[in-house]
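Please open the model in your viewer and keep the sequence panel beside it, so that each stop on this tour can be selected in turn.

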Amino acid sequence: SFAQAWAPVPLPRAPSSVTLAPLAAMVKYSREAKNGSKSCKAMGVDLRVHYKNTYETARAIKGMSLRVAQQYLEDVCEKKRCVPFRKYTGCIGRTPQAKEFK
C-alpha cells in the first residue's frame with residue numbers, strides 16, 4: 001500500500017564519542033583589550049531584546065566609567081534621561097532630554 005511504501009526512515013545517530021565544543025569557544029572577538037583588568041566582554045544569546053535598542057544603549061555607555069554608566073542606566077529606567085538614537089533613527093520620537101547629547 002501507499003502508506004507502507006512511504007514509511008519514515010530512521011536517521012543515523014552520531015557516535016557517543018562525539019562531543020560539541022562549548023559555545024564560548026566559538027566566539028571570536030575582533031580585537032583584544034589593551035588592559036584586561038579594566039575592560040569586560042559580554043555576549044547574549046536568545047535574549048528578548050531588540051538589536052537596535054541594544055546597539056544604541058551600548059553606544060551611549062561606551063567610554064563611561066562603571067559607576068557613571070550604572071547611574072546613567074538607572075536614570076534611563078526612571079525616565080530622567082534618554083538614550084540618544086544616532087544610527088537607527090527611523091520612527092523614533094524626539095524628546096527634550098536629548099538636548100544634552102547635541
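Select Met-43, which is partly exposed with a relative accessible area of 47% (buried means under 20%, exposed over 50%, and partly exposed in between, with a 1.4 Å probe and protein chains only). Met-43 sits in the loop between helix H2 (23-26) and helix H3 (51-61), where helices are DSSP runs of H or I with at least four residues, numbered from the N terminus. This is a predicted model, in which local features need pLDDT of at least 70 and side-chain atom pairs count only at pLDDT 80 or more, while totals for chains, interfaces and linings use all residues. Residues are numbered from 1 along each chain as its sequence is written, and side-chain values use heavy atoms, with hydrogens and water left out.

Patches are made of residues with over 30% relative accessible area and no salt bridge, with nonpolar side chains joined within 5 Å and like charges within 9 Å; a salt bridge is a side-chain nitrogen of Lys or Arg within 4 Å of a carboxyl oxygen of Asp or Glu.

Arg-59 belongs to a positive surface patch together with Arg-31, Lys-34, Lys-62, Arg-86 and Lys-87. From Arg-59, draw a distance to Val-83, which is 24 residues apart in sequence and 9.2 Å apart in space, C-alpha to C-alpha.

Finally, select Cys-77, which is exposed at 68% relative accessible area, and then Cys-82, which is buried at 10%. The count of disulfides, each a pair of cysteine sulfur atoms within 2.5 Å, comes to zero.

Conventions
Helices (H or I, at least four residues) and strands (E, at least two) are DSSP runs, numbered from the N terminus. Accessible areas come from the Shrake-Rupley method with a 1.4 Å probe; for residues, only the protein chains shown count as cover. Lys and Arg count as positive and Asp and Glu as negative; His and the chain ends are not counted. The place of a charge is taken as NZ of Lys, CZ of Arg, CG of Asp or CD of Glu.
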